[in-house]
Structures are given as structure tokens and as C-alpha cells.
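Please examine the model shown below alongside the explanation that follows.

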Amino acid sequence: DSDTIEYVKEDTFTNSAAFTAEATGFTATALGGTGVKPESALAYSTQTATVRTMAHWIPVTNRMLADAPAIRSIIDGRLLFGLQQKLQAQVVSGDGTGENITGILNSAGIGVVSKGSDSVIDALYKGRTLVNWTGLGRANAYVLNPTDWQTIRLSRETTITGVNPGGYLFGPPSLSGAESLWGSPVVLDPNIPVGTGLVGDFGQGATLFDREQGAVRVGTVNDQFIRNMQTILAELRVAFVVWRPAVFAKVTGL
């Protein structure tokens, strides 16, 4: 119920948990440093996420709305779809300037893995390892541009079997089913740049606060009333927070 969200971001976590031997005495002198339990450290910083408004509109004539009743639901659907597409792009790669939100790829503290001489598949697994090992998360999904997934899906066994061109690594073209890699689902998103992959623990790492869900309103603007026209407006309000940047990894050079 506010237009700002104040939260704490985990910057570092020093885990010193260890089994501790029993103290050898009952006074400070007798203890001699035994039985001391280790101290861990958590570093947080206070952050603020502002609720952003996303909207767009189109004009339409009263005659069109009256003569083609289905057009209203079509327009509503396309406007709401446009909001979701832009919101998805912002969540993934928003640059945080102006009214843009800061997306996961541009959040300070996320891991980075360069493909280098690795295969695309191997590089994405190394991103998964970075999330699980350094970020102490559980990588549960990949986000890839459809073009990069096409490269993966069309990979063949040529170098393994010596047969040219060899079978498809991910099964024959007749194989149906959801896209997945290394046991986790692959989300295909045209909003992520070609050549860049994202892997992360999306449950722990980030939250989208839905202040006002996408809704459509109709009204008249300026002299539309005397021109038999209306304006159809779609709008939503959200805030996006990356709680733990370390549980995400950006894989570049795919």
C-alpha cells in the first residue's frame, strides 16, 4: 500500500559454523580459550525500490467499437500483453535509469561466467555451479534467448561418434516436451540479449511486487468527445527487488 519499498540486501555472508569442543574449565582463566563458539557475519545494506508505473494507450472510434464488438476485447488483450512483454524485459535486463527498474542482469553482485573456449552447454553448467557454490543458492531455471536455445537444441554428436552429422544431442526432432538443461527448465525469452544466458535461484533471489495489476480503462481525451472517439488505456504499477544477487549468474559469449 505504498509507492516505495524499503528492504535489506544481503551483500556478504561469512559462514563460520563449526563443531565446537567442550570447555575444559569453569572459569575464564581455566577455560584457556577452549569451548569458544565461532562467530559468523552477515553484511546487509538498506535499499529502496520505487513503485514504477507502466502504461500505454491507443485511440479508437466509437463506430469501430459499435460495428465490431469483438475489437474491444482484442484491443484490451493486446494492450495487456504489451505491458507484460515490457515488464518481462525490465525484470531481466532493465538498466535502472529514469523510470526503468534495475533488472537481474544489471544488479550489482551477480556472478559472471564467460564462455571462452567451452561449449555453450558447459558454460551454462559453470554458471549453475557458480550459483550453487559461491551464491549458496539452488539454481532452478535458465533464461535464454530463443536463438541461443536453437544452437543448443540443434547440437549434434559429430565430435563424439565421428559420424557426420550425427544424431541430435537433445533427441530427434519428433521428441516433444518442455525445454530443459541440466535438470532445470529453460525459459525462452526474446528480451534477453542474444549471446547472454541467465541462471539462478529465482525463488530466493528476487521478488516482483505487484502494486496494481494490469488493468484497462476507457475515457475521452481533449476533443475526442465531439469526434466520436475514445482512448483505451492499459496500466500497471510494480516494484522489483533483487534480494540476493549472488544466487544469479550471467553467462556471456554464448
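The second largest pocket holds about 230 Å³ of space. A pocket here is an open set of points on a 1 Å grid over the protein atoms alone, where a 1.4 Å probe fits, with protein on both sides within 12 Å along at least five of seven lines; lining residues have an atom within 4 Å of a point. Grid points are joined across faces, edges and corners, and the volume is the space filled by probe spheres set on them. The model is a predicted one, in which local features need pLDDT of at least 70 and side-chain atom pairs count only at pLDDT 80 or more, whereas totals for chains, interfaces and linings use all residues. Residues are numbered from 1 along each chain as its sequence is written, and side-chain values use heavy atoms, with hydrogens and water left out.

Helices (H or I, at least four residues) and strands (E, at least two) are DSSP runs, numbered from the N terminus. By class, the lining of the second largest pocket comprises ten nonpolar residues, two polar and one charged. In this division Ala, Val, Leu, Ile, Met, Phe, Trp, Tyr, Cys and Pro count as nonpolar, Asp, Glu, Lys and Arg as charged, and the others, Gly among them, as polar.

The largest pocket has a volume of about 320 Å³. Its lining consists of 18 residues, and those closest to its centre are Tyr7, Thr48, Ala49, Thr102 and Phe240. At least two residues of this lining come from each of the strands β1 (4-14), β2 (41-50) and β10 (229-242). The lining of the largest pocket has nine nonpolar, seven polar and two charged residues.

Attention now turns to a single strand residue. Threonine 196 belongs to strand β8 (residues 196-200). Its relative accessibility is 14%, so threonine 196 counts as buried; buried means under 20% relative accessible area, exposed over 50%, and partly exposed in between, with a 1.4 Å probe and protein chains only. Leaving aside residues up to four places away in sequence, threonine 196 touches Leu105, Val143, Asp148, Lys250, Val251 and Leu254, where contact means heavy atoms within 4.5 Å.

Helix α4 (residues 120-133) has 14 residues and reaches 20 Å from its first C-alpha to its last, close to the expected 20 Å at 1.5 Å a residue; the expected span is 1.5 Å times one less than the number of residues. Its buried residues are Val120, Ile121, Ala123, Leu124, Gly127, Arg128 and Val131. They lie on the same side of α4 because they cover an arc of only 165° around the axis, the arc being that of the directions from the helix axis to the C-beta atoms.

The loops remain. Leucine 136, in the loop between α4 and β5, has a positive phi near 55° and is partly exposed at 47% relative accessible area. Asparagine 222 lies in the loop between β9 (206-219) and β10; its phi is also positive, about 55°, although it is not a glycine. Most residues other than glycine have a negative phi.
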